Amino acid sequence: MRLRRRRHLGTDADRTTFRTLHTASLAGPALREGLHRASAERSIRHLHALLGAPALALTDSGVPAEVLAWEGSGAHHQGQLPALVAETVERVATRVFERSDLPCDQPGCPVRNAVVSPLLVEERVVGTLATFTAYPTAGLARATDEVARWVSGQLELAELDASRTRLMEAEVRALRAQISPHFIYNSLGAIASFVRTDPDRARELLLEFADFTRYSFRRHGEFTTLAEELRSVERYLLLEQARFGDRLRVTLRIAPEVLPVAVPFLCIQPLVENAVRHGLEGREGGGHISIVALDRGQECVIEVEDDGVGEDPARVRRALAGDGSLDSVGLGNVDGRLRAVYGDDHGLVVETAAGAGTKVTVRVPKFAPGVHVR
């Protein structure tokens, strides 16, 4: 039996394009962390391979500029680079420097000319990419400029990620500030009422209150597991049941498969607090809250439903739009964070009407880029 030899697919141009894109992709992850010494050192060898010049450097834009990483020959020229960077930053344009700008007394040194391109984030120079060669060519100048534009794009993405993280942290801080002082006061009042009549229960409730506040005010991570979030919800409901007694009935139906799913921190508890405060507090005789977490293929679906007084849909739309004049614990906050993390298709779905109770549905992908528990 004759075996056919497997042929390489594509032309030389195709393979060259693939190698170029692959090399760029290797530099990308480090650059998307921002421009600093560690990211520069991890990415520069790939950028060096991309440009093929005898030497390459990445710098910041300080005065004087700091060389964050150098790859290739002629490292003894590093001390001359800050002056070249200063001229490049001043003009905010790619500059070509000649032998007179890089004096050298070492025979055979391949660093005789330099091309320095600015790295821009939101039209602000944050650093430079410098290539060094023995002879200047228009092709190297164009290539350096184009690679610098690509690096700038990766740094823009890093800035967007950092901005999103800062925004998420600010929104969580705002949500913490909205945790009802009324709830805290009532919880401590309910605990105090058991101190004499049922000391053991008072002690248990006090521990639950401590665990609830510890979780709500923790300072690390944008994300948590659904199991942790639901554990905090259970503590909240135990404290509310101490106040409502038999008037507050709770049903939890949770699929075990979704417990490890990563979700935004404090994305379920505010919905449950809304159900208690706006759905049941104003209803004579209390009511029932149902919390369901379902496994739906690539998604986890969480439903928080109450049989309380319901709400005007127009008012809910205002709350979801972030109307701060409404006494709604974090509804718009949670909706905004879900959309920021997963996209607009994953905002809250609220079904309600006056006198008909309220059902809030959250759809969370089981796996999403950048979503993980630290």
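1. Which residue just after helix 10 takes a positive phi? Glycine 343 does, with a phi of about 105°. Helices (H or I, at least four residues) and strands (E, at least two) are DSSP runs numbered from the N terminus.

2. This is a predicted model, in which local features need pLDDT of at least 70 and side-chain atom pairs count only at pLDDT 80 or more, while totals for chains, interfaces and linings use all residues. Residues are numbered from 1 along each chain as its sequence is written, and side-chain values use heavy atoms, with hydrogens and water left out.

3. The protein contains ten helices and twelve strands. Of its 374 residues, 46% are buried (under 20% relative accessible area, with a 1.4 Å probe and protein chains only).

4. Helix 10 covers residues 331-342.

5. Helix 10 is largely enclosed by the rest of the structure, because nine of its twelve residues are buried. Among them are Leu331, Val334, Leu338 and Tyr342, together with Asn333 and Arg337.

6. Aspartate 335 also lies in helix 10 and, at 5% relative accessibility, counts as buried. Leaving aside neighbours within four places in sequence, aspartate 335 is in contact (heavy atoms within 4.5 Å) with Leu320, Gly347 and Leu348. Aspartate 335 and glycine 347 are twelve residues apart in sequence, yet their C-alpha atoms are 5.2 Å apart in space.

Notes
Buried means under 20% relative accessible area, exposed over 50%, partly exposed in between (1.4 Å probe, protein chains only). The expected span of a helix is 1.5 Å times one less than its number of residues.
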